[in-house]
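Please keep the coordinates open while reading.

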Amino acid sequence: MAPLPNAEFVRSSLQLYRYLLRCCRQLPEESVRQHYRHAVRQSFKVHADEDDPERIQQIIKRAIEDADWVMNK
C-alpha cells in the first residue's frame, strides 16, 4: 500500500518530488518532517542530471517503497 493515494501515477522526477514532499506533510513531528524534506531535496539535487529512463524509473520505484516504509514506521 502506498503512503498516499495516486503513487501509481508518479512517472517523472518532478512528480516524484512533489509526491514525496506531500508524504512529508503526513509525518507527525515537525523535526521529522524537516529531516525527510531535507533528505528529499538533497536526493533530488543528487539525481537531477540523471537521463537514463530505466534508471529514473528504478529511482522512482525505490523512493515510493522507501516512503511507504517511513510512513508505516
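**Basis.** This is a predicted model, in which local features need pLDDT of at least 70, side-chain atom pairs count only at pLDDT 80 or more, and totals for chains, interfaces and linings use all residues. Residues are numbered from 1 along each chain as its sequence is written, and side-chain values use heavy atoms, with hydrogens and water left out.

**Helix pairs.** Two packed helices are described by the angle between their axes and the distance between the axes. Axes here are lines fitted to C-alpha atoms, for helices over the stretch in contact, with angles from 0 to 180 degrees between N-to-C directions. Helices (H or I, at least four residues) are DSSP runs, numbered from the N terminus.

| Pair | Angle | Axis distance |
|---|---|---|
| Helix 1 and helix 3 | about 5° | 11 Å apart |
| Helix 1 and helix 2 | roughly 170° | within 9 Å |

Helix 1 is therefore roughly parallel to helix 3. Angles under 35 degrees count as roughly parallel, and those over 145 as roughly antiparallel. Contact means heavy atoms within 4.5 Å. Helix 1 brings S13, L16, Y19, L20 and C23 to its contact with helix 3. Helix 3 answers with I59, I60, A63, I64, A67 and M71. By class, this contact has 10 nonpolar residues, one polar and no charged. Ala, Val, Leu, Ile, Met, Phe, Trp, Tyr, Cys and Pro count as nonpolar, Asp, Glu, Lys and Arg as charged, and the others, Gly among them, as polar.

Now the second pair. Helix 2 spans residues 30-46. Its crossing with helix 1 at roughly 170° makes helix 1 roughly antiparallel to helix 2. From helix 1, S13, L14, Y17, L20, L21, C24 and R25 take part. They meet R33, Y36, R37, V40, R41 and F44 in helix 2. This contact divides into eight nonpolar, one polar and four charged residues.

**Core.** In soluble globular proteins, nonpolar side chains tend to be buried together. A nonpolar core is a set of buried Ala, Val, Leu, Ile, Met, Phe, Trp, Tyr and Cys residues joined through side-chain atoms within 4.5 Å. The largest one has 13 residues. V10, L16, Y19, L20, V40, I60 and I64 touch the most other members. Helix 1 (13-25) and helix 3 (53-72) each supply at least two residues of this core. The largest share, six residues, comes from helix 1. Beyond its neighbours within four places in sequence, I60 is in contact with V10, R11, S12, S13 and L16.

**Cysteines.** How many disulfides does the structure hold? It holds zero; a disulfide is a pair of cysteine sulfur atoms within 2.5 Å. The closest cysteine sulfur to that of C23 is in C24, at 7.0 Å, too far for a bond. Buried means under 20% relative accessible area, exposed over 50%, and partly exposed in between (1.4 Å probe, protein chains only). C23 counts as buried at 4% relative accessibility. C24 is buried at 4% too.

**Two residues.** S13 is found in helix 1 and is partly exposed, at 40% relative accessible area. Leaving aside neighbours within four places in sequence, S13 is in contact with F44 and I60. S13 and E50 are 37 residues apart in sequence, but 9.6 Å apart in space, C-alpha to C-alpha. R55 lies in helix 3 and is partly exposed, at 34%.

Methods. Parallel < 35°, antiparallel > 145°, perpendicular 65-115°, else oblique.
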